Amino acid sequence: MPKPGRDLLRLADSVILPGFVGTAPPDWLRRRLSAGLAGVVLFSRNIAGPAQVAELTAALRAENPSAVVGVDEESGEVTRLEVAKGSSRPGNYALGVVDDVALTEELARDLGRDLAAAGITIDFAPSADVNSNPGNPVIGLRAFGADPELVARHTRAFVRGMQTTGVAACAKHFPGHGDTTVDSHHGVPVVAGEIEKHLRPFRAAIEEGVLSVMTGHLLVPRYDPATPATLSPHVLTALLRDELGFEGVIITDGIEMAAVSGAYGVGGASAMAIAAGADAICVGGERSDEATAVEVRDAIARAVMEGRLPEERLADAARRVTGLGAWSAAARAARPRAAAEGDLARVEGEIGLIAARRAVRVTRRTAAAVLPITMAPQVVEFAPEMNLAIDKGTPWGVGEPLSKLLPGTTVTRLVAEESRAAVLEDLLKAAADRPLVIVARDAHRYPWQSEAIGHLLSARGDVVVVEMGLPERSDLGAVHIATYGSARVCGQAAAEVITGTL
């Protein structure tokens, strides 16, 4: 078979959003952008600060003025712009607990202003998943909640707030990743139950005018018993396009994730996704070199030449992606320059902390005066292994903000293998004449956390327990504090409750 021509390769390039390494664009990326590459996806490895990101995105657009620049900035646990210090805004679940759509809209607008000032085209948010399974290993706090109507109204509000800033929102992970027990980074989740409630937030996002939808690597037997949604025309074309009427850009979740690349390879999955109805291939979270981008481009071009992917389908996908870039360019041009510079230089706003404070829920299980704590406590933080969507370097916890409010606070962070009885006994001795604060993160999903917490509580009746994940139980400790998030502001809000300053 002859090699693909230059025009076909350029067309294939125009639907690919790769990742790269470094805080400045490498030579290969500049070259590919000038030759028609659609754009890029930024990860925390590309981000050192707002001014640097703005300089980076300007360099990208110097090669391709319509380049699409995307980022996973959900706020809360999944942050890229604030990965070094933790998010100044709580995530979706905390917003759902507050259930004030005006607050959600304003927080999304605040976030969008920061993204626009940094030159971001599209934010891969919000998660429109209905987290109906408390054991979900990858969504959890990233969802607004477990009630479809609540998720739908906050999805609408987030889309509305974000897109007023000229940054496209992206509802994900279609058709809904909430009722799963498998992380699609590692395997294929199956959504076997009733699907309509999971579609409700996506319907709401489409009605609100969301510009993009991200696919989930999910098997949904009701629509396609054999092929994950990202690769299924039954899901992307028949359901999302035809039934739900979505006319915007369909972007894949990371195509190198095992749920789709495991069976078909990165290139094969990419070609199948475009043929199924996707418009842009997101790649580069785990494979971020030029060779991967070339592999994806060549596989798409070969699929056209072999008749597995109609060229008109590829051209339609390219048109949609180009349209998104044009929308963003027009939105940037419409923003007053002074306003954009003001966004970049402005002091960090208060809305994130306000939202985090409003989300805190306190359960007091004793009449004793456990709170406020006025002397430096011993803090024990239990740190589970988090999923790949959450950067391992993102700070979290209550110990650090509590140390600022109560100097002399000591903090011990334990992972599973360190949470042995002897270690816990030593901590109890060290805290014998001091308050004890336990910080958990999704304790209900990790037996080792539950066992360790039980050990400590059996020895002390005056313990404050802070749950920074999903609080399936509120009957732990003399006082139980649920933050519904582990963002920096959630830890700050909890510390304020503990010390009586909130």
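1. Arg 413 lies over the face of Trp 396, 4.2 Å from the ring centre. The charged end of Arg 441 also sits over the ring of Trp 396, at 4.7 Å from its centre. The criterion: NZ of Lys or CZ of Arg within 6 Å of the ring centre and within 35 degrees of the ring normal.

2. Some ground rules. This is a predicted model, where local features need pLDDT of at least 70 and side-chain atom pairs count only at pLDDT 80 or more, while totals for chains, interfaces and linings use all residues. Numbering runs from 1 along each chain as its sequence is written, and side-chain values use heavy atoms, with hydrogens and water left out.

3. Aromatic pairs. Rings of Phe, Tyr and Trp (its six-membered ring) pair if their centres lie within 6.5 Å; planes under 30 degrees apart are stacked, over 60 edge-to-face, and the rest tilted. The count is 3 aromatic pairs. One of them joins Phe 174 and Phe 202: the ring centres are 5.2 Å apart and the planes stand at 90°, so this pair is edge-to-face. Phe 174 belongs to strand 5 (residues 170-174) and Phe 202 to helix 7 (residues 196-208), so the contact ties together parts 28 residues apart in sequence. Helices (H or I, at least four residues) and strands (E, at least two) are DSSP runs, numbered from the N terminus.

4. Buried means under 20% relative accessible area, exposed over 50%, and partly exposed in between (1.4 Å probe, protein chains only).

5. Phe 382 and Trp 448 form another edge-to-face aromatic pair, 6.0 Å centre to centre with 80° between the planes. Phe 382 sits in strand 10 (residues 378-382) and Trp 448 in helix 16 (residues 447-459), so the pair ties together parts 66 residues apart in sequence. Phe 382 is buried, at 0% relative accessibility. Trp 448 is buried too, with a relative accessible area of 18%.

6. Backbone points to check. Most residues other than glycine have a negative phi, and most peptide bonds are trans. The peptide bond from Ala 125 to Pro 126 is cis, with omega near 10°. Pro 126 lies in the loop between strand 4 (122-123) and helix 6 (148-163). Lys 172 and His 173 are also joined by a cis peptide bond, with omega about 0°. His 173 is part of strand 5.

7. Positive phi. Ser 75 is not a glycine, yet its phi is positive, about 70°. This serine is in the loop between strand 3 (68-71) and helix 4 (92-98). Ser 75 counts as buried, at 3% relative accessibility. Asp 442, also not a glycine, has a positive phi of about 60°. Asp 442 falls in the loop between strand 12 (436-440) and helix 16. Its relative accessible area is 10%, so Asp 442 is buried.

8. Packing. A nonpolar core is a set of buried Ala, Val, Leu, Ile, Met, Phe, Trp, Tyr and Cys residues joined through side-chain atoms within 4.5 Å. Which members of the largest core touch the most other members? Leu 42, Phe 174, Val 210, Ile 300 and Leu 314 do, out of 93 residues. Helix 9 (residues 258-276) gives the largest share of this core, 7 residues. A second, separate core has 28 residues, including Ala 383, Met 468, Ile 481 and Ala 495.

9. Val 210 in detail. Leaving aside residues up to four places away in sequence, Val 210 touches Val 159, Gln 163, Ala 169, Cys 170, Ala 171, Ala 205 and Phe 246. Contact means heavy atoms within 4.5 Å.

10. A cavity is a set of points, on a 1 Å grid over the protein atoms alone, where a 1.4 Å probe fits but cannot get out; lining residues have an atom within 4 Å of a point. Volume is the space filled by probe spheres set on the points, which are joined across faces, edges and corners. The whole structure holds 2 cavities of 30 Å³ or more. The largest cavity has about 130 Å³ of space. Its lining has 17 residues, of which Ile 139, Gly 140, Leu 141, Met 386 and Asp 442 lie nearest its centre.

11. Asp 100. This residue is in the loop between helix 4 and helix 5 (101-117). Asp 100 is partly exposed, at 24% relative accessibility. Beyond four places away in sequence, Asp 100 touches Leu 95, His 154 and Arg 358.

How values were computed
On a 1 Å grid over the protein atoms alone, a cavity is a set of points where a 1.4 Å probe fits but cannot get out, and a pocket is an open set with protein on both sides within 12 Å along at least five of seven lines; lining residues have an atom within 4 Å of a point.
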